[in-house]
Protein chains: 2
Amino acid sequence: MNAQDIVTSIIPHKIPQQKGYGQANINIALSKYWGKRDIELNLPNNSSLSISLPSLGTKTSIEVINSTEDAIYLNNTKIANEELFAKRISLFLNYFRNNNYFKIITHNSVPTAAGLASSASGYAALVIALNNCFQWRLSNNKLSILARLGSGSAARSIFDGFVIWHKGQQQDGLDSFAEPINMAWQELRVGLIKIDTTAKKISSTQGMQNTVNNCELYQAWPKKAEQDLIKIKQAILVKDFNNLGKTAENNALSMHATMIATMPPILYWQSESVTTMHKVWQLREQAINVYFTMDAGPNLKLLFLEQDEYIIKQKFKNIIVIKPF
Amino acid sequence: MNAQDIVTSIIPHKIPQQKGYGQANINIALSKYWGKRDIELNLPNNSSLSISLPSLGTKTSIEVINSTEDAIYLNNTKIANEELFAKRISLFLNYFRNNNYFKIITHNSVPTAAGLASSASGYAALVIALNNCFQWRLSNNKLSILARLGSGSAARSIFDGFVIWHKGQQQDGLDSFAEPINMAWQELRVGLIKIDTTAKKISSTQGMQNTVNNCELYQAWPKKAEQDLIKIKQAILVKDFNNLGKTAENNALSMHATMIATMPPILYWQSESVTTMHKVWQLREQAINVYFTMDAGPNLKLLFLEQDEYIIKQKFKNIIVIKPF
């Protein structure tokens, strides 16, 4: 089954009912998704666990227009249909349309300074808006599958809080969707540290594929990632912050290690990434419980508790602190 | 068998005959040694391949003294017997002595600015000096085994040029010694780039043990290292510089990747290490054939050919260029 077949099997019809609206938050993986078992369907080699960041996300409205092409607006600016951002959305909308075209108005509240990709919240918000526009009344699991077809990590952004994206076993990926963990952690903080926000030379998708195909160390990753997820989930359930932090940090570093060991090498780190890592480790030596995670880019996301928020803000002047719950 | 038993089985006697003298060069592994299968005997989990750097090394003389302790001089300075450097040498000399003590005069020509450890050339030179002092007339293979007991990579410094250290299979390590590859490569150059020469917080030995014990990705390393060695040996035999360079660089990055993925993490890199890596990759994008390797530290060693020596010196102002042959 290709992506179109999957979509057709999930949605009840292709007749838009009205205008639609959706919103979703970005998420930070504590146990990372790295490597696809199916490139078209965005099926992962391993399950992943994330935390959503409220107040950072995407709001999207959709409406059917009388036109021969989509009209896509991002943060009040019309995006040319030739641009990759618009092309990718129009290709995704192809799964759902029946000769009709859409006006998509998207607002991202993710500040450029945060150094965060917004495709996860973007495709989650778009799928929620489509569900609203077509009045499909799909379950969250189904929305998660549809969002996944737009961007892998968007599967997780359908939900708030802690979320697990099950890798699934089936070829059609109908068992590869996200589910929330029913646990709030009021004291938890995520700190965003911008190192660089210019577009990366190697996309996450390309980086994953190169790693899977050209890194001998990657063979140990999928099993390790599953084990890390179990450890992190357990740490969340008992609010064991140090186990959460050290497992999440090691998981992120292990993902980057597989990239570094790829031929040719993939090093998303910049000099300041390394300086900041050493700074985090120095703070831990001073008994400040702070850990970091990193996605496929140079920026760090710090993990710490409310009790250390003051000192962390002192030590990292440009940090953006998020309270996930 | 412990190290003392091994030494006793190799050396014909413990009666020093005269003064002894030895010299040896440092070596840079192109295919790295990382992980021990026997800590006392310095037996590796994988074979390694190195190139010796002539003009950078150790000259050591040894003589029996009438004393109750060794007297150890490094670069014309007496080293206190309490210092780790002297302690380690005296413990090594214990294998060979019969109530007699030694005066050891060692000169290292490795400039501090090169950021290179000298234990490999140091223990190789010491073993050659002992062989001379005791008039054992041991084969180079036997000298390589004895040097290995002092410092793993010293096994390779018994020889010049390209050298393979066979990991061996035996528990006693009598099949774990180095041998030279009979091939000179006049055009090859090694460029030393100092990032930092202060003592590292985690020794190579400690780093290896932590990696072997606490890194899931390490399980793929020994097999990969053996495959890299074969590729690099083949590249040497046919003088295929690009295959040599890319395999050696990937091998070094993969070794560092295993450290980075260790819990707690081991990151020998500093910010300038990363800046220099990116600089090397940028030069390759400009069709300049330069690669790097790194040992367990922040410094880079560039690999390039004579034809690019001028441009490399222009690009890296503080580089020390070595002509291995």
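Two exercises on this predicted model follow, each with a worked solution.

Residues are numbered from 1 along each chain as its sequence is written, while chains are lettered from A in the order in which they are written. Local features need pLDDT of at least 70 and side-chain atom pairs count only at pLDDT 80 or more, whereas totals for chains, interfaces and linings use all residues.

**Exercise 1.** Describe the setting of strand E1 of chain B, residues 20-31.

*Solution.* Strands are DSSP runs of at least two residues, helices (H or I) of at least four, both numbered from the N terminus. Begin with burial, where a residue is buried if 20 or more other C-beta atoms, placed from the backbone, lie within 10 Å of its own: 10 of the 12 residues of E1(B) are buried. Next comes pairing, which requires at least two DSSP bridges between two strands: E1(B) runs antiparallel to strand E4 (residues 48-65) of chain B over 11 bridges. Within E4(B), B:Lys59 is the residue opposite B:Gln23.

**Exercise 2.** Work out how many residues of chain A are in contact with chain B, and which element of chain A supplies the largest share of the touching side.

*Solution.* Counting as contacts those residues whose C-beta atoms, placed from the backbone, lie within 7 Å, 23 residues of chain A meet 23 residues of chain B. Helices H7 (241-260) and H8 (271-285) of chain A each supply at least two residues of this side, and the largest share, 7 residues, comes from H7(A). Finally, 100% of the interface residues of chain A are also interface residues in chain B, so the copies meet through the same surface.

Note on methods:
Two residues are in contact if their C-beta atoms, placed from the backbone, lie within 7 Å.
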